[in-house]
Amino acid sequence: MSDGQSVKAVAKYVRISPHKVRQVLDQIRGRSYQEALMILEFLPYDAGSPIWQVVHSVAANAKNNYNLDKKKLIISEIFADEGPKLKRIRPRAQGRAFKILKPTCHITVVVKSIS
C-alpha cells in the first residue's frame, strides 16, 4: 500500500452493541471497497446494514471531496467505539426494578487510495 489520500466517515449512535459490530468489521478490515460491499451484502448479521451504509458513505466522500476512484479504495482502518447506553427499567416481582442497558456504538471507516 502506498501512502495515498485517506478519507473518513463516521456513523454515530448506531443502536447495536459494539461487540456485535466488531465481529463483522473484522471480516472486512484491509479489503478493497468493492469486496467489502459484496461481503456485507450477504452476511447474515443485522450489523451488516449500518456498516454497509458507512462504507458506502466513505466512498462517496472520497469521490466527491477528493476525486478518488472508488475502484482503487482500500479499507485501511475500521473500528467501532462504544457510545452512550440507553437506560431502561423492567418492572419485576414484589416492586423491584431491573435495569436494562441498551448499547449504542460509533462506527468509523477510513479508506486509502492505492495507485
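Glu 35 is partly exposed, at 34% relative accessibility. The cut-offs are under 20% relative accessible area for buried and over 50% for exposed, with partly exposed in between (1.4 Å probe, protein chains only). Glu 35 lies in helix H2. Helices (H or I, at least four residues) and strands (E, at least two) are DSSP runs, numbered from the N terminus. The model is predicted: local features need pLDDT of at least 70, side-chain atom pairs count only at pLDDT 80 or more, and totals for chains, interfaces and linings use all residues. Residues are numbered from 1 along each chain as its sequence is written, and side-chain values use heavy atoms, with hydrogens and water left out.

The side chain of Glu 35 meets that of Arg 31 in a salt bridge, 2.8 Å from N to O. A salt bridge here is a side-chain nitrogen of Lys or Arg within 4 Å of a carboxyl oxygen of Asp or Glu. Arg 31 is also partly exposed, with a relative accessible area of 31%. The whole structure holds three salt bridges. Another joins Asp 26 to Arg 29, with the closest N and O atoms 2.7 Å apart. Arg 29 is partly exposed, at 40% relative accessibility. Lys 85 pairs with Glu 82, and their closest N and O atoms are 2.7 Å apart. Lys 85 counts as partly exposed, at 33%, whereas Glu 82 counts as exposed, at 51%. Side chains of opposite charge can pair when their charged atoms come close.

Helix H2 has a buried side. Its buried residues are Tyr 33, Ala 36, Leu 37 and Leu 40. They lie on the same side of H2 because they cover an arc of only 100 degrees around the axis. The arc is that of the directions from the helix axis to the C-beta atoms. An α-helix has 3.6 residues a turn, so residues three or four places apart point the same way. The exposed residues Met 38 and Phe 42 sit on the face of H2 turned away from its buried side. The cover over the buried residues includes H1, H3 and S2. Contact means heavy atoms within 4.5 Å.

The largest nonpolar core has 30 residues. Such a core is a set of buried Ala, Val, Leu, Ile, Met, Phe, Trp, Tyr and Cys residues joined through side-chain atoms within 4.5 Å. Among the residues with the most contacts inside it are Val 21, Ile 51, Ile 75 and Ile 107. Two or more residues each come from strand S1 (6-14), helix H1 (18-28), helix H2 (33-42), helix H3 (48-66), strand S2 (73-82) and strand S5 (105-113). H3 gives the largest share, six residues. Leaving aside neighbours within four places in sequence, Ile 51 is in contact with Val 21, Val 24, Leu 25, Ile 28, Leu 40, Ile 78 and Ile 107.

Three strands form an open sheet in the order S1-S5-S2, with antiparallel pairing. S1 and S2 stand at the edges with a single partner strand each, so one side of each has no neighbour in the sheet. The twist averages 15 degrees from one strand to the next. Two strands pair if DSSP finds at least two bridges between them. Nine bridges join the antiparallel strands S2 and S5. Ile 75 has Val 111 in S5 as its bridge partner. H3 packs on the sheet and touches S1, S2 and S5. The direction of H3 makes about 145 degrees with that of S1. Axes are lines fitted to C-alpha atoms, for helices over the stretch in contact, and angles run from 0 to 180 degrees between N-to-C directions.
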